Each structure stands twice: as C-alpha cells, then as structure tokens.
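Open the model in your viewer and keep the sequence panel beside it. This tour goes stop by stop: select, look, move on.

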Amino acid sequence: MTRLATPGEQTAMTAAVDTGRISLADIAKANDVRFLLATFVNMTGKPCAKLVPVEAADQLENGSMGFAGYAAGLIGQKPHDADLIAVPDLSSFTPVPFIKEGLAVIHCDPHVHGQPWPYAPRVILKGALQRLADQGMQAKVGAEVEYFLVNKNDDGTLSTADPRDDSPRPCYDARGVTRMYDHLAAISEAMNGLGWGNYANDHEDAAGQFEQNFDYADALTTADRVITLRYILNILAEQRGMTATFMPKPFTDRTGTGLHFHLSLWSGTKALFPGDDGDRGLGLSQLAYSFIAGILDHAPALQAFLAPTVNSYKRSGATTSSSGATWSPRKASFGGNDRTHMIRVPDNKRVELRSGDGSANPYLAIATALLAGLDGVAGAADPGAPSGPGESKPEAHTLPATLLHAVESLRKDPVILSSLSGDPEIGQYYADAKEEEFLSWHNQVSDWEIRTYLTSI
C-alpha cells in the first residue's frame, strides 16, 4: 500500500541520508514497531505470514525468510521444491497498533532462486500492471468489501452475531448499525488512521451483513488493502467474540456477499474512460467501450477468479432472497447506473464489475479482469449499445452455473488461461485445483440428498 511517510519515517529517512536509502528496520523503529507480520497470500487468498522481530528486519529485507511453499497451500509448489523467499515491499508497510501494540503488516513478493515466483498472486498482478504500463496506461481500482458477522453454534450452524438483526430487509437499518457501533467504529478508525479514506459504513442487504468503504487507489495498493482489511476485520471481530466471514453465501435464504471492483484506466493524470460516445449516453470513450467488451467477451472464464469457490454459485445462482433481490448478475451485460448488470457504469470515469464475490482473491481477480479488458482494447472490440434496466442482450454470455462450469470456460479461453504470469500452465494448474475442489464437494453426501432421496423410491 503506497502511502505518505509518517513524521517518524521522515526522521528515519533523514538519518539514512548518508547511506542513500532507508531500510525496513529504520521504518519499523521510527514507528515504534517491534514485530513485522511478513505476509503474502496463496491463490485461494489465505494470508500466510511469519512474525518477524524488528531485530531481524534486515534478514527479512535481505531475503533470508523462507517458507515451505507446499505447506502454504495453493501456490504452485510441491513438497520437494525450494523455499519461497518473502521479499518485502517497503511501500506496503502498515502499522496496526489497534491489533497489537508494536505490530505492522508488510506485504511480500515470494521469490524462488532469486526470481519472482510466477504462481504468487501479488507477482501475477504486478505482471499484469506491467503489461498495462508497457502500453502507457495505469489502472486505478476501488473495492467494496462486504462481509457477515456471525456466531458458530454448538450444532455447527451459523447465526447472526447480533440476535436482534433478524429483519428480512435490514439494509441501511440505523438500529443495526448502532448496535454494531463499537465494531464498525473500530474498523473505520483503523482505516482512517492508515490514511485509506473510509467514507461509509453501512448495514448491507442481509441480516448480519455489513460493508465498509475506502477510497480508490492504484490497483496494487487496493489489492493489498483488501487483504489487510480482511485480516483486520477477522481479528477485531474475534476480539469481540464474533466471526467475520467473506463466504459468498453463508445463509440459504439471504443475499450473498459480493466483492465489487471499480476499474478505470489512466495515462499519467489523464483519465482514459471519459469521452464523447454519441447516442449511447454513458459519456465513455471508445477505449472504455473496448475495455468493457473485453471483460464481457471473457466473462465465463473470468468467473473462475471472480467467483472461485463451490459456494460462490449458491450466491450467483440464487433466484431470490428474503429481501427480494440477489444483487448478483446472471448474464454478462452492461448498462448505466443499474445494479442488475455485470458491468455497471455509475459515471464516465469508471466501471463497476459486480460479478465478484467475497471469496475472490483480489490480486487474481483484478489481474485477470484488467487483462480481459486490455484484450478488448487491443482488438478494438465494441460491446454495442448498453442494455436497459434489468435487461440483457440475447447474445450475452450466461455466467457459469457452477464452479465446474467456470473451470470448463477457463480451459477454453486461451487469453484468460494465459493471464497468470503469461503462462497457460499456471492457468491449467489453477483450473485443475478448482476442479478438484468441486469434485471434493460433489462427493460429499448432503442433508438435502438424504431428505430428497432416502425414501423417494
């Protein structure tokens, strides 16, 4: 996360003038940090970390912190492979004293044999951003992080952490927000203390569901912040005896959890999406329309990254919820300020990608979406006229019905299959893992099957 140096860091920078550089140890000591959480995520988005004392900050910075990659989960390694070496990005240094006094998070890029590891999600996103930079463009991204606050009961079922939060239509309920004031305020103060610009904290559409928004930034910064915010939400909720979950559909009868991305392309300080589009009415440039067309063309394959779990498709496949809406698109459509579309255009400076859910890995989701859009730009693709409210074109792709359908679409899409560090073998590795995840679920006998089939014949 890129941010301005704190006064303490400025002091450390001054002290480091003689060497011409400021070290991680300098930054940590200037912020009274005693321990560093050296963090990266695997392809499922799980945060992996080592707790590094500040006395070993130089060792971390110099590439001495190794991880057994296979043990970290889905990240392209086998038990016999060489260690992943966590290389910290000093610009991502984030003190989190509201978690533990003296603690800071720093995001790292895994390397193997001195080279960035191409299966690492942060490395993948940086590669996608370099492809944009090679064409003179940069991406800015905003993210809407939704989540549920729940308790796990003794019988294994889930219940809303606030027992009074039981309305079928609780969205924006002032009472629900007030009852969760301590939690929401703590998260807001944490974000603002970090300079993220928290501007809203609201009760979402389902009982127990909330969203806390922060300002957009460059793509890598926003992805880092999503990971950090999930960590903050998890820990601060646990401290209050609750569980924060980003599971897309924890309750059958309620709206699921989304992770919506607001995307825009820039050339330096010039926004590239605004333009004169004649009678289409959205005020977008041809480049913006081509970017939209690229995402729509590759939409089925993209869902393997935007909706990457078995549970994701319980959300996107729902026909209704207790509130009367699912807020999850079924078709690859685009239109104006209309939340039923996969791509909503709230204004002429950005587009909102709405088919992602809470389980999405932000690095992979942003990287693949940007490269899909870039493919549309390269081919001067055109999505045609925007669809009207609640409408879609007959030729619009239907989004995959299950994770297995999404995997099949990924395997058939060479652009998206090759979007992970430019190597289709990495895309195939991811597809194989997701197929295995689907089949693992499919092989479990569920309560629904017992109820439906036990005495049906």
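The model is a predicted one.

**Stop 1: a loop residue**

Select Phe 246. Phe 246 sits in the loop between β13 (243-245) and β14 (259-267). Is Phe 246 buried or exposed? Its relative accessibility is 12%, so Phe 246 counts as buried. Now show what surrounds it. Setting aside neighbours within four places in sequence, Phe 246 is in contact with Val 145, Glu 146, Tyr 147, Arg 230, Leu 233, Asn 234, Thr 257, Gly 358 and Ser 359. Then draw a line from Phe 246 to Pro 394. The two are 148 residues apart in sequence, and their C-alpha atoms are 33 Å apart in space.

**Stop 2: a helix residue**

Go to Val 226, in helix α8 (residues 219-239). Val 226 has 0% relative accessibility and counts as buried. Which residues is Val 226 in contact with, leaving aside its neighbours within four places in sequence? They are Ala 143, Val 145, Phe 214 and Pro 362. Val 145 is also on the contact list of Phe 246. Val 226 and Glu 395 are 169 residues apart along the chain, with 34 Å between their C-alpha atoms.

**Stop 3: a strand residue**

Select Val 41, in strand β1. Val 41 counts as buried, at 6% relative accessibility. Not counting residues up to four places away in sequence, Val 41 touches Lys 46, Pro 47, Ile 75, Pro 121, Ile 227, Asn 361 and Tyr 363. How far apart are Val 41 and Glu 189 in space, C-alpha to C-alpha? The distance is 25 Å, for two residues 148 apart in sequence.

**Stop 4: the cavity**

Rolling a probe the size of a water molecule over the atoms shows where empty space is left. In this model, the count comes to one cavity of 30 Å³ or more. The largest cavity holds about 40 Å³ of space. Which residues line the largest cavity? Select Thr 39, Phe 40, Val 41, His 107, Cys 108, Pro 110, Ala 120, Pro 121, Arg 122 and Tyr 363. By class, the lining has seven nonpolar, two polar and one charged residues. Now colour by element of structure. β1 (35-41), β6 (103-112) and α5 (121-134) each supply at least two residues of that lining.

**Stop 5: aromatic rings**

Show the side chains of the aromatic residues. How many aromatic pairs does the structure hold? It holds 12. Zoom in on one of them, Phe 273 and Phe 291: the pair is tilted, with 5.5 Å centre to centre and 50° between the planes. Phe 273 lies in the loop between β15 (270-271) and α9 (286-297), and Phe 291 lies in helix α9, so the pair ties together parts that are 18 residues apart in sequence. Phe 273 is buried, with a relative accessible area of 0%. Phe 291 is buried too, at 1%. Then select Trp 117, Tyr 119 and Tyr 429, which form one aromatic cluster.

**Stop 6: charges over rings**

Select Lys 140 and Trp 266. The charged end of Lys 140 sits over the ring of Trp 266, 4.0 Å from its centre. Then switch to Arg 254 and Phe 251. Arg 254 lies over the face of Phe 251, at 3.8 Å from the ring centre.

**Stop 7: positive phi**

Most residues other than glycine have a negative phi. Select Tyr 172, where phi is positive, near 65°. Tyr 172 is in the loop between β9 (158-160) and α6 (174-179). Tyr 172 counts as exposed, at 64% relative accessibility. Next comes Ser 421, with a positive phi near 60°. Look for Ser 421 in the loop between α14 (414-417) and α15 (424-442). Ser 421 is partly exposed, with a relative accessible area of 35%.

**Last stop: a buried serine**

Finish at Ser 316, in helix α11 (residues 312-316). Is Ser 316 buried or exposed? Its relative accessibility is 13%; buried means under 20%, so Ser 316 counts as buried. Not counting residues up to four places away in sequence, Ser 316 touches Ser 328 and Arg 330.

Key
Residues are numbered from 1 along each chain as its sequence is written. This is a predicted model: local features need pLDDT of at least 70, side-chain atom pairs count only at pLDDT 80 or more; totals for chains, interfaces and linings use all residues. Side-chain values use heavy atoms; hydrogens and water are left out. Rings of Phe, Tyr and Trp (its six-membered ring) pair if their centres lie within 6.5 Å; planes under 30 degrees apart count as stacked, over 60 as edge-to-face and the rest as tilted. Helices (H or I, at least four residues) and strands (E, at least two) are DSSP runs, numbered from the N terminus. Buried means under 20% relative accessible area, exposed over 50%, partly exposed in between (1.4 Å probe, protein chains only). A charge sits over a ring if NZ of Lys or CZ of Arg is within 6 Å of the ring centre and within 35 degrees of the ring normal. On a 1 Å grid over the protein atoms alone, a cavity is a set of points where a 1.4 Å probe fits but cannot get out, and a pocket is an open set with protein on both sides within 12 Å along at least five of seven lines; lining residues have an atom within 4 Å of a point. Grid points are joined across faces, edges and corners, and a volume is the space filled by probe spheres set on the points. Ala, Val, Leu, Ile, Met, Phe, Trp, Tyr, Cys and Pro count as nonpolar, Asp, Glu, Lys and Arg as charged, and the others, Gly among them, as polar. Contact means heavy atoms within 4.5 Å.
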